[in-house]
Amino acid sequence: MADYQLRKFTFNQVDKDGNDITVDHEDILDKRTTPNQAIPKDTNNTDYQEYLEWAKTNTADPAD
């Protein structure tokens, strides 16, 4: 089991004008923390930068 897991979600929500929209979301689950922490794919996020360094020599678990 890897330290991280890639996750993908699709969900529906209502925007500010009352329209139904579909949102696709991706993040990385940090399984080293308790409770597990979701890391957004944001290059300014230090946790994401740490994940990218880890991913240079490791493979994250695939999305379910």
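What percentage of the 64 residues of the protein chain count as buried? The share that counts as buried is 20%, where buried denotes under 20% relative accessible area, exposed over 50% and partly exposed in between, with a 1.4 Å probe and protein chains only.

The model is predicted: local features need pLDDT of at least 70, side-chain atom pairs count only at pLDDT 80 or more, and totals for chains, interfaces and linings use all residues. Residues are numbered from 1 along each chain as its sequence is written, and side-chain values use heavy atoms, with hydrogens and water left out.

**Overall dimensions**

The protein chain has a radius of gyration of 14 Å, whereas a compact globule of 64 residues would have one near 11 Å; the radius is taken over C-alpha atoms, and the globule rule is 2.2 Å times the number of residues to the power 0.38. Along the principal axes, the C-alpha atoms fill a box of roughly 45 × 25 × 20 Å. Of the contacts in the protein chain with a separation of 6 or more, 40% are between residues 24 or more positions apart, a contact being heavy atoms within 4.5 Å.

**Sheet architecture**

The chain holds one helix and three strands, in the order β-β-β-α from the N terminus. These elements are DSSP runs numbered from the N terminus, with at least four residues for helices (H or I) and at least two for strands (E). The strands form an open sheet of order β1-β2-β3 with antiparallel pairing; two strands pair if DSSP finds at least two bridges between them. Because β1 (4-14) and β3 (37-40) each have a single partner strand, one side of each is left without a neighbour in the sheet.

β1 pairs with β2 (residues 20-30) in the antiparallel sense over 11 bridges. Two bridge partners are listed below.

| Residue | Bridge partner in β2 |
|---|---|
| R7 | D27 |
| N12 | T22 |

β1 and β2 form a hairpin with five residues between them, and G18 in the turn has a positive phi of about 85 degrees. In the loop between β2 and β3 lies P35; the peptide bond from T34 to P35 is cis, with omega near -5 degrees.

Q5 belongs to strand β1 and is buried, with a relative accessible area of 11%. The side chain of Q5 reaches the backbone oxygen of P62 at 3.4 Å. Not counting residues up to four places away in sequence, Q5 touches D27, I28, L29, K31, D61, P62, A63 and D64.

Technical notes. Polar contact = N/O pair within 3.5 Å; in protein donor to acceptor, adjacent residues only side chain to side chain.
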